[in-house]
Amino acid sequence: MLMMKIPKRYWIVLLTFICTSVCYVERVGFSIAYTFAADAVGVDQSSKGTILSTFYYGYACSQVPGGWAAQKIGGKRVLLISFILWSLTCALVPLNPSRVMVLVIARLLVGVAQGFIFPSIHTVLAQWVPPHERSRSVSLTTSGMYLGAAAGMLILPSLVKYRGPQSVFAAEALLGATWSVLWLKYASDPPRSEHPKAAAAGFGESLLPIKGNQKVKVENGGTSTRTSNIPWKKILLSLPVWAIVVNNFTFHYALYVLMNWLPTYFELGLKLSLQEMGSSKMLPYLNMFLFSNIGGIAADHLVTKRILSVTRTRKFLNTIGFAVASLALMAIPIFRTSGGAIFCSSVALGFLALGRAGFAVNHMDIAPRYAGIVMGVSNTAGTLAGIIGVDLTGKLLEAAKATNSDLSSPESWRAVFSIPGLLCILSSIIFLLFSTGERIFD
């Protein structure tokens, strides 16, 4: 009875929200479990870094293919296949730090499988969600990442402590299998909308390529011919697409630098114990969850009430989010207490999440039929940003340590947080100049 009362698209959005949560529980869980197991047998930091970064290489390689696959066979099927693949990998692979090649192959497989997920989600949401609900739907879905990361940080260390690191793999596989069953049972292809405005925005379309040169009805009762060719050249040369790509790069550069190096800043920069900080270290991710949904609701309100056009709404929220995040990032080294650093990092990540209501929804504005492909292109840039940002930060800190003898001075960390701060300013300017909320790909 409840399923009949609640519109089907809301169930789809809820399932995609759970999907992103589970994916980030897996990512955080592997880092926690592997670090515990590796430290127990004395694996050096360089080897640990190799294993931990392997996921992102697989993840980067499958973004564009993920968008293409979702375009060809449908996001619903690709999501199911991806979840089954990474869940089986977690269930079957033993967590043995001495078997390096096995872990490398396993993490590559999980990275490739999860790389298909986000482009497929954007394809599914472009099918199911009407334009006036897209901001809050995408924001809710992506906020699952932050809630999953926070939940993993809170729960999984205790699971490792009491049940051992292999239990994390089993728990992740169980979560993946449970989601797959729910998706198989409740997900379906969307109904085609007959409303001209809805169809013009891409809502209700199958979004799968039409075979051959198939004739389709147009508004005046005539017919037109649409081919199955994906406009790769037009997509790759589009300035609005590159505005999205640049902002996705910056968002993930800042996110991955903070995710990977903020604990080091607390321990070596501020001489604080992470154990003594308790649950406060989760606050930045909880703030991302909160502000991501605030941004989505605000964007849909501005569009629905016709306060701002779609284009101005995207630019407004993106600019506010990235501008405030820029200031907060560059202020982190100024604060020499855990409270100040937590506050600045929470503001930075919160307003970056707010900015996602600008650039991260824009895929479906400009290219609802090719949303998964555009998402794949931009998310490839985002993943590469993580690899570049994390590696560059390590080199900056090594240079600072050689100059200052340790990492306790603010000067040692100024470049680390200033680079993403300056990237935020540059990216927001590019988005202001080149983005649009109008559909530009048919």
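Q: Over which ring does the charged end of Arg-27 sit?
A: In this predicted model, the charged end of Arg-27 is placed over the ring of Tyr-59, 4.5 Å from its centre. A second case involves Arg-107, which lies over the face of Phe-30 at 3.9 Å from the ring centre.

Q: Which aromatic cluster includes Tyr-59?
A: Tyr-59 forms one aromatic cluster with Phe-55, Tyr-56 and Tyr-256. Across the whole structure, a search finds 17 aromatic pairs.

Q: How many helices and strands does the protein have, and what share of its residues is buried?
A: There are 19 helices and two strands. Of the 442 residues, 55% are buried. The accessible surface comes to about 19000 Å², and carbon and sulfur atoms account for 67% of that surface.

Q: Which residues touch the most other members of the largest nonpolar core?
A: In soluble globular proteins, nonpolar side chains tend to be buried together. Here the largest nonpolar core has 117 residues, and Trp-86, Ile-117 and Trp-183 touch the most other members. Beyond its neighbours within four places in sequence, Ile-117 is in contact with Cys-19, Cys-23, Leu-79, Ser-82, Phe-83 and Trp-86.

Q: Is Ser-139 buried or exposed?
A: A residue is classed as buried when its relative accessible area is under 20%. Ser-139 has a value of 2%, and therefore counts as buried. Ser-139 is located in helix 8, residues 134-163. Apart from residues up to four places away in sequence, Ser-139 touches Ser-292, Asn-293, Gly-295, Gly-296 and Ala-357.

Q: How many salt bridges are there, and which residue does Glu-133 meet in one?
A: The count comes to five salt bridges. In one of them, the side chains of Glu-133 and Arg-9 meet, at 2.7 Å from N to O. This pair links distant parts of the chain, 124 residues apart: Glu-133 is in the loop between helix 7 (117-128) and helix 8, while Arg-9 is in helix 2 (residues 8-40). Glu-133 is buried, with a relative accessible area of 5%, whereas Arg-9 is partly exposed at 21%.

Q: Where in the chain are Arg-314 and Asp-365?
A: The side chains of Arg-314 and Asp-365 meet in a salt bridge, 2.6 Å from N to O. Arg-314 belongs to helix 15 (residues 310-331) and Asp-365 to helix 17 (residues 362-366), so that distant parts of the chain, 51 residues apart, are linked. Both Arg-314 and Asp-365 are buried.

Q: In which helix do Arg-414 and Glu-411 lie?
A: Both lie in helix 19 (residues 410-434), three residues apart, about one turn of the helix. Arg-414 forms a salt bridge with Glu-411, with the closest N and O atoms 3.9 Å apart. Arg-414 is partly exposed, its relative accessible area being 40%.

Definitions and conventions. Residues are numbered from 1 along each chain as its sequence is written. This is a predicted model: local features need pLDDT of at least 70, side-chain atom pairs count only at pLDDT 80 or more; totals for chains, interfaces and linings use all residues. Side-chain values use heavy atoms; hydrogens and water are left out. Helices (H or I, at least four residues) and strands (E, at least two) are DSSP runs, numbered from the N terminus. Buried means under 20% relative accessible area, exposed over 50%, partly exposed in between (1.4 Å probe, protein chains only). Accessible areas come from the Shrake-Rupley method with a 1.4 Å probe; for residues, only the protein chains shown count as cover. Rings of Phe, Tyr and Trp (its six-membered ring) pair if their centres lie within 6.5 Å; planes under 30 degrees apart count as stacked, over 60 as edge-to-face and the rest as tilted. A charge sits over a ring if NZ of Lys or CZ of Arg is within 6 Å of the ring centre and within 35 degrees of the ring normal. A nonpolar core is a set of buried Ala, Val, Leu, Ile, Met, Phe, Trp, Tyr and Cys residues joined through side-chain atoms within 4.5 Å. Contact means heavy atoms within 4.5 Å. A salt bridge is a side-chain nitrogen of Lys or Arg within 4 Å of a carboxyl oxygen of Asp or Glu.
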